[in-house]
Amino acid sequence: MAQWERLRQLSPTYWQQLHELYDRDGLPMDVRHYLSAWMEKQEWERAARDYGLAMVLYQVLLENLDIQHSRFVQEESFLQQHNIRRYKQSFQRYQDEPCVLASTIQWFLEKEKEILTSAELSEQVQNLQVEQEAMETTCQQELELKLAGLRNNVQCLEHAIVCLEEQQDEFDFKYQTHKMEAVTDEAQKNERMKMFQSLVNKLNDYRKSTLADLNKLLDRADDLINLLVRKELVDWQRRQQKSCIGAPDNVCLDQLEKWFTCVAVCLFQVREFLNKLDELVGKMSYENDPIKAQKPALNKRVDALLKDLLKSSFVVETQPSMPQGKGPLVLRTNVQFSVKTRLLVKFAELNHSMKVNVSMSRETPQIKGYRRFNVLGTATKDLNMAESLNGGMVADFRHLSLKEQKSGGGGKGISEISLSVTEELHIIYFNTVFELKGFSVELQASSLPVVIISNSSQQQSAWASILWFNMLSLDPKDIMFFANVPAAPWPQFGEMLSWQFLSATKRGLDDDQRKMIAHKLFGKQQNYDMCKVSWSKFSKDSGPDTFWVWFDGILVMVKTYLENIWREGLIMGFVSKGKEKLLLKKKKRGTFLLRFSESVVGGITFSWVEIDSTGEPEIKTVQPFTKTDLCQIPFHEIVRNFQILEAENIPESPLLFLYPDTPKDEAFGKWYSEKSGDDNPYIKYIKTKLMFVSKENTLEARSPMSCDMTQGDCLEPMYGEAAEQEDEPLRPQMEIFQDLMLSSSIEPSEDDCLLYPSFTDSDCIQPDSFLAEFNLLAPSLMPAQTCGGISQ
């Protein structure tokens, strides 16, 4: 289905995003609509770099607008004729800059894709949670019915009090008339007294009935408040905890605000009803009046319910976060952070009337060396509706910072428990006072526990603590969590790892990738559901490269350099060497896959199938590429231009089919530079040198950007039997690699001449000018060195 048609079938939520997109100048929505099929078939990305193609597309665009204008003339659509003519005139400004127009249209199409991706992700999440959502929908429907019942009770009670007042007025009128008439006939007087007694009895029964209805209404309100505060709000808080660590959970507060406000409005109406009953009692009372007897208890009950509701209605909508932080809840001293609070009970008359104050807890937990902090910046703000897109009552703090107290802080805790800086948890508090219609109550909201660091190097470890706490803790105020930290069940842990990729790249981990990670952690198991990961194994092992350091290194690399091909599913990623061998040995020559290194932090490599002289499949692997390489050359260009030199000195790419059987150019072609040969900037950028292969049958590669030659550290691919050693990295003997172009007397054997790309800046001085003749080999080369390398 065409992209534009898919967009038109989205829900109204995404239509709004589309309208906001096309509110910008550059591409009118009408033009996008009428020329949608043509636009989506053109190579706008290429045209943005190719003036000739851009000019052709520009002329065709104008011709299509003329065709569309003619159609509207035939249909006598005057308004559309005018619009198309105006659009064509506005495009005239691109006559000398057609590449700018191409770039603009490409930008709009990419933004449309982002909207579609967002909608598809939302749909995937919904499909994954069908049963849960069905249950939630049922609960919400039941809650809506109860709220409708409460509103109906309030309306009925309002009518009952009006009737009660009418009855009392009727009695009062008849009684006052009787007194003015001064009836002397005893029989008539007795008859009237009986009538008055009947009216009083009737009035008394009606008062009792009204009070009974009041109690029933409060029972229903109590039930609803329990449901809202003990279930719905707790569920939202848990969803917010998970969303802070990447879960795609819905944390919108609009529905909760609607429910909380509805109950609060009803309870304030009940308070007004009680005041009205007070007024009626003031006009007329009698012995054993039920209102006098029951009203004090009713007043207390209403106020208690309101306090319970209101104290829970003040929440932190957006948890504390730094602009450039790794994630929310990790704060750094003297660096600004933002946080937003919200009152779920929305009364227009309270706009700008409630002040919120920010503070840190004054109570120091019994932890040795526990630090304390002061909040700096604008620590007081009004709750208002202007700072919320949906009109909620919020106080948005955008310029707060923390400073450690130099004296009088922790450090002298009674307990001998000692935590690292990144295991210390702190809570930020927000206080305000709710005052409305004579009712007043103090409110307090608190953030989820934050980790406070003083150096950016602590961010990775701090984020690990945030992940662990919010994955496992059901008590959002448990700052002693790391004093006795629990292990994580594998199902929860694997899901949390997937969330990291999902939030960073919009594509999570599939079942096979999770299974490989489980295998890395626990070894081979029939079922991993009962396995648990300890906190120390995740982030506190004594070695420098813990599981989290390894995993986070991959995540950062993918987000920074590989996001597009990861989202397309081209990277198998988490697959062991043994599994890789099993997969590839069944495939034809040239089949390759991309996987993350198990030993090099933030490394990615590829392995491919070759056929040896006996006709048997042989797996070859290059040493991982890291950010040092990827920041200078896109990975898809490395895959595109990678070549080796076969025995006949003929350069050839060994990478032909991405596993399982997708042609390489079909898989990666959409990201290629459109230029090729001598015009390809990456070919010009990379220089190549033929390397003599060691006796261990390894491919040798070295990169001046990433290798310390003086210490024998370099990029080194490996293959063959050495590649199968999963537990012990290959450590080849030191060999002299000679330049075949410089040593004509050396004749390479058929079995040990290979070429590996090595990357160096085009500005570097080359050892021999005639090497430039070989720049079609994609990567090309450096002087011979003595080198040993660690292969993956």
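Trainee: Where does L502 lie in this predicted model, and is L502 buried or exposed?

Mentor: L502 lies in helix 14. Burial is read from relative accessible area, where a value under 20% counts as buried; L502 has a relative accessible area of 15%, and is therefore buried.

Trainee: Which residues does L502 touch, once residues up to four places away in sequence are not counted?

Mentor: With those neighbours set aside, L502 touches L121, P248, R507 and G508. Separation in sequence and separation in space can also be read side by side: L502 and G246 are 256 residues apart in sequence, yet their C-alpha atoms are 7.0 Å apart in space.

Trainee: Staying with helix 14, at what angle do helix 13 and helix 14 pack?

Mentor: Helix 13 (residues 459-472) and helix 14 (residues 490-505) pack at about 130°, and their axes are 11 Å apart. An angle over 145 degrees would count as roughly antiparallel and one from 65 to 115 as roughly perpendicular, so helix 13 is oblique to helix 14. The crossing of helix 13 past helix 14 is right-handed.

Trainee: Which residues of helix 13 and helix 14 meet?

Mentor: From helix 13, W463, L467, W468, M471 and L472 meet Q492, F493, M496 and Q500 of helix 14. Sorted by class, this contact has seven nonpolar and two polar residues, with no charged residues.

Trainee: How do helix 11 and helix 12 pack, and what is the angle?

Mentor: Helix 11 (residues 254-283) packs with helix 12 (residues 290-313) at an angle of about 160°, their axes being 10 Å apart, and the two helices are therefore roughly antiparallel to each other. Helix 11 passes helix 12 in a left-handed crossing, and by class their contact has 15 nonpolar, three polar and five charged residues. Among the residues that meet there are F260, L267, R271 and D278 in helix 11, and K292, K295, L298 and D303 in helix 12.

Trainee: Which side chains make polar contacts with the side chain of H426?

Mentor: The side chain of H426 makes a polar contact of 3.1 Å with the side chain of Y370, and another of 2.8 Å joins the side chains of H426 and E424. Leaving out residues up to four places away in sequence, H426 touches M360, Y370, R371, F373, L448, P449, V450 and I452.

Notes
Residues are numbered from 1 along each chain as its sequence is written. This is a predicted model: local features need pLDDT of at least 70, side-chain atom pairs count only at pLDDT 80 or more; totals for chains, interfaces and linings use all residues. Side-chain values use heavy atoms; hydrogens and water are left out. Axes are lines fitted to C-alpha atoms, for helices over the stretch in contact, and angles run from 0 to 180 degrees between N-to-C directions. Helices (H or I, at least four residues) and strands (E, at least two) are DSSP runs, numbered from the N terminus. Angles under 35 degrees count as roughly parallel, over 145 as roughly antiparallel, 65 to 115 as roughly perpendicular and the rest as oblique. A crossing is left-handed if the near helix is turned anticlockwise from the far one by less than a right angle, and right-handed if clockwise. Contact means heavy atoms within 4.5 Å. Ala, Val, Leu, Ile, Met, Phe, Trp, Tyr, Cys and Pro count as nonpolar, Asp, Glu, Lys and Arg as charged, and the others, Gly among them, as polar. A polar contact is a pair of N or O atoms within 3.5 Å; within protein, one must be able to donate a hydrogen and the other to accept it, and residues adjacent in sequence count only if both atoms are side-chain atoms. Buried means under 20% relative accessible area, exposed over 50%, partly exposed in between (1.4 Å probe, protein chains only).
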